[in-house]
Protein chains: 4
Amino acid sequence: MLNVTIWNEFIHEKEHKDIAEIYPDGIHGELARFLGTDEKLSITTATLDMEEHGLPKEVIDNTDVLIWWGHSAHDKVSDEVAQRVQEAVLKGMGLIVLHSGHLAKPFKLLLGTSCTLLWRDNDRERIWCCNPSHPIAKGIPAHFELEREEMYGEFFDIPKPDDIIFLGWFKGGEVFRSGVTFTRNRGKIFYFQPGHESFPTYHNEFIRKIIHNAVHFVSPTEKIEKLDCPNPQPLEQ
Amino acid sequence: MLNVTIWNEFIHEKEHKDIAEIYPDGIHGELARFLGTDEKLSITTATLDMEEHGLPKEVIDNTDVLIWWGHSAHDKVSDEVAQRVQEAVLKGMGLIVLHSGHLAKPFKLLLGTSCTLLWRDNDRERIWCCNPSHPIAKGIPAHFELEREEMYGEFFDIPKPDDIIFLGWFKGGEVFRSGVTFTRNRGKIFYFQPGHESFPTYHNEFIRKIIHNAVHFVSPTEKIEKLDCPNPQPLEQ
Amino acid sequence: MLNVTIWNEFIHEKEHKDIAEIYPDGIHGELARFLGTDEKLSITTATLDMEEHGLPKEVIDNTDVLIWWGHSAHDKVSDEVAQRVQEAVLKGMGLIVLHSGHLAKPFKLLLGTSCTLLWRDNDRERIWCCNPSHPIAKGIPAHFELEREEMYGEFFDIPKPDDIIFLGWFKGGEVFRSGVTFTRNRGKIFYFQPGHESFPTYHNEFIRKIIHNAVHFVSPTEKIEKLDCPNPQPLEQ
Amino acid sequence: MLNVTIWNEFIHEKEHKDIAEIYPDGIHGELARFLGTDEKLSITTATLDMEEHGLPKEVIDNTDVLIWWGHSAHDKVSDEVAQRVQEAVLKGMGLIVLHSGHLAKPFKLLLGTSCTLLWRDNDRERIWCCNPSHPIAKGIPAHFELEREEMYGEFFDIPKPDDIIFLGWFKGGEVFRSGVTFTRNRGKIFYFQPGHESFPTYHNEFIRKIIHNAVHFVSPTEKIEKLDCPNPQPLEQ
């Protein structure tokens, strides 16, 4: 059984009626609903307004995969929680960062870059798979469309990914590395660009399948207790 | 002084008047002309119809960077010459493979994959730089357009490149890893997608600058004589 | 159920009594025995002296993971069978190449390099894991020893691997990238350096676990029928 | 002309007479001396005890390549200066981090991992080149020895490097990824393991050549002014 924690800042859905209509239980609620059909996953949710943003030490310690959606309140996330997530990833917790989470504190701490990019509110996107043997691409067609999605364009300031799995084409003329993986110590990370709050992206079957595949892909191979510098005796004399 | 050899199958330019008007001296002639403005380069050309396709052992031995354009006659290139190019790259010769050269024998021998892709004759392309610190991208803007270019689309069956420098956006809806590098032993390789014979791609200033940058990038760090398996004594007892 | 085919040239075990004592059923027999304890694997073996080396089209078509051990008779493997293996890998078949298989025809075809290295017959090796989150490293300690193993040393002429999982330390003073992965189109490849025929390497519990992990890691995400260049209509006008 | 700034915490050399004998002008002084023979480099030094550690904004703004040696006082470096270095690297400044700088604040901020490793004070090291075509390896033999060096061993908690150029072998039985490169936005980074203060490592001709090569390799392709998220109009309608 994999313990999956879905974190959402949960602001847009409370402030905008049209967004609430797409995600009546919040983006976290919708993610929890469709991932909940997998009996191997034990799912909980957490939001910004909870104590320690719903991510106290005991929750993080018990999480195998953390999914993160944030946008308008990155700076409201405490440095302590952001560092707790960073350290947990290094010790083995998987992390899936969605859409505007590219500027979330834990993601930037883990990548070390500015994670800046181009953006434009409303476009059409076509997602192409350029890495069809990757487990996250399993069951995904060569390309599929999102009738409406926010444009994110290059240059995307991230370190070279382990794998670029998806490339985004935008009708307005841009391209983007839309689905990318990173390894940081024991932790595996997947960043996935689609998911603007104003559009029903998380109702799309392929988007769901990709996130579902990613939950299994980033699940820990092992978890460790410490990040230290041992000083061993020589093995050979 | 870098010795650059430009190889062209040189068929389309002789068979089609409209192509000859774009490249009156052949694609190799045009490449030689604009690279020839760099005084650090000593440039020669070679074509399919020459003896050993203009690439006998002494020419290859004396080449630091080989540029390759081929399309309709890949199978007319002898296996011997293709293997000679492969071995020279492993020993340090740089290789730039242009456009339809993705199916050229030496390229496929060096990569080990099918190098297949999607294609469509006539589209508009916009090239984006997703690796702006790479020496091949020096002086190239964030994006530039080719009013007409052949569409090459994903999935492109190549091994994971060392670096993806350029991504191509096509008006018809596709994307492509348009500029990619590989290292094979001492040899550096750059594959660059634009350059359909029917369009004046090699007259574009940015295309020229990219190829020029690439000549210097793939130039040898060192050349070696042998590819063998030495059987040394222990260094420690 | 995964169909695993274990290929062995099966020469040393028949010619040398001391090797036969270590591997009375051949190296392939020993590999089949310990992998056979996994009920999810259906295992068959094939050897050089069989018709088409035991790898006719119908066997390859039905293989999910091919394990390859060869040494003294690489040139006895027909080009046709080598190319059949290469093509099957590109279409999705997993491939595990062991020890002296670094010079095997299918491996060299897939990598495109000379795959040369340093070697010395009898040394002590310590294998270190430098990629502990990789699925192939699951359950493997930070380091373990092989009291006797053939030294393979750098420079190893391979393309940059997807992942370097293990580094080998040799008492005689050399180092080696001992466990490395590659992706070629749909196919995943694992090369693993230990396994000299004169030593009981495949009786070591960690070596077995690594190979067992690798069988699952390289198993196909999907298999495809064709390697071609489609010519689609535009998706956008 | 490249502006190179060499930063040293400069503590050990003042506290230990035997270290001062090896580096009478400090490690920074020795690095400045041998790099100073390259007329294309304009070299300055800076130390921890200077105002803003000798790295105020105007110095950093004017630096093309920063070399960093620190060990016992990483926590004395202010967060402000560490972040200034991180941001300058993202904007194009090259960074060379030596030896115990693996735990320096700017390096950890840029990599996002713990940068932990194994260590032991006094061993013999042999450095192997596993990437002989890399510009940093130019002129370096296949292997060379440091009679005395601190052992740093795997697992080294760093993100996957762009290139692993050198592997370290230690007599005591360990291995290490001793010379590795990273790209972070416009900035290139080289980490190089040898250089313990108690041993005359920076007097070794190959160590010097590697650092000299690295200065040129990490020098900026371009520098940028801002790290932001532009919101452009569509390029296509």
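Which strand of chain A pairs with strand 1 in the parallel sense, and over how many bridges? Strand 3 (residues 65-69) does, with strand 1 spanning residues 2-8, over five bridges. Within that pairing, I6(A) has I67(A) as its bridge partner.

A word on the model. It is predicted, with local features needing pLDDT of at least 70, side-chain atom pairs counting only at pLDDT 80 or more, and totals for chains, interfaces and linings using all residues. Residues are numbered from 1 along each chain as its sequence is written, and chains are lettered from A and ligands numbered from 1 in the order written.

Terms next. Strands (E, at least two residues) and helices (H or I, at least four) are DSSP runs, numbered from the N terminus. Two strands pair if DSSP finds at least two bridges between them.

Now the sheet. Chain A has nine strands in an open, mixed sheet, ordered 2-1-3-4-9-8-7-5-6. Strand 2 (41-47) and strand 6 (143-153) of chain A stand at the edges with a single partner each, so one side of each lacks a neighbour in the sheet.

On to the copies. A rotation of 180° with 0.0 Å of shift along its axis superposes chain A on chain C, RMSD 0.0 Å. The two are thus related as by a two-fold rotation axis.

Last, chains D and A. Their contact takes 32 residues from each. Contact means C-beta atoms, placed from the backbone, within 7 Å.

Definitions and conventions:
Copies are superposed by least squares on the C-alpha atoms of residues with pLDDT of at least 70 in both. Two residues are in contact if their C-beta atoms, placed from the backbone, lie within 7 Å.
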